Amino acid sequence: MQLVEPASPGQYRGASTYDVQQVDNGKLLGTISRSIFNFDSDQPRGASFPYDGKVYSDADGVRLTLGLSRKIGRISGLALELSGRQYRLIETHRIVRGVDYKPLDDPDAYRALVNAAQVAHEHRDLRTFEKMRPHIESAAFCICPGCLDCFAAQDDCPTCAGKGFVAKAAPAGSD
Ligand SMILES: [Zn+2]
């Protein structure tokens, strides 16, 4: 199974929140929020554990350690392998400098935000630009790879139908 996706920023971030979804059947295993893992179902975790597992990052890589069973899963990019099963991490929240971001999934709001960021950039208003950037990067859309949102090319662009942006590809499973 090939999970490498050079085009997507598929890196685990300790400050983000993820749904952990089984790849072959789409079932939700649990969630990871700020490195704390909890099962979706009420599996017994034992009284001594305040949570079901924890994500550790060190020189050996990123791994998920389950408290009760002491099972260890390996996280590479946004893929988790645990007990021989494949899971994917789907980002649902991102914390940037203490602010809670939900991925932007409204096309009009995304267009407006990109426009505002472009204006800020043109006016060299980097403070405003940097504030908007996490919203844009975590959105459900990305700038169209066909026309790069360039005004002249955009109108005839078949990739985005003139919008200048496209929905981000699903994390895996499409070929
Ligand atoms: Zn385009």
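Predicted model: local features only at pLDDT ≥ 70, side-chain atom pairs only at ≥ 80, totals over all residues.

Modeller: Residues are numbered from 1 along each chain as its sequence is written.

Colleague: How many helices and strands does the chain have?

Modeller: Helices (H or I, at least four residues) and strands (E, at least two) are DSSP runs, numbered from the N terminus. Here there are three helices and eleven strands. Along the sequence the pattern reads β-β-β-β-β-β-β-β-β-α-α-β-α-β.

Colleague: Which residues have the most contacts inside the largest nonpolar core?

Modeller: In soluble globular proteins, nonpolar side chains tend to be buried together. A residue is buried if 20 or more other C-beta atoms lie within 10 Å of its own, exposed if 12 or fewer, and partly exposed in between, with C-beta atoms placed from the backbone. A nonpolar core is a set of buried Ala, Val, Leu, Ile, Met, Phe, Trp, Tyr and Cys residues joined through C-beta atoms within 7 Å. The largest such core has 14 residues, and those with the most contacts inside it are V20, I32, V55, L64, I75, L80 and L89. Two or more residues each come from β1 (17-22), β5 (61-66), β7 (79-82) and β8 (85-96). A second, separate core of six residues includes Y110, A139, C147 and F165.

Colleague: What is V20 in contact with, leaving aside its neighbours within four places in sequence?

Modeller: Two residues are in contact if their C-beta atoms, placed from the backbone, lie within 7 Å. The partners of V20 on that basis include I32, L80 and L89.

Colleague: Where does helix α2 bend?

Modeller: The bend at a residue is the angle between axes fitted to the seven residues ending there and the seven starting there. Helix α2 bends by about 30 degrees at M132, and a proline, P134, follows within four residues.

Colleague: Is A140 buried or exposed?

Modeller: A140 counts as exposed because it has 12 C-beta neighbours inside 10 Å. A140 is found in the loop between α2 and β10 (141-143). A140 and L104 are 36 residues apart in sequence, yet 5.8 Å apart in space, C-alpha to C-alpha.

Colleague: Why does P50 count as exposed?

Modeller: P50 counts as exposed because it has 9 C-beta neighbours inside 10 Å. Its place is in the loop between β3 (36-39) and β4 (53-58).
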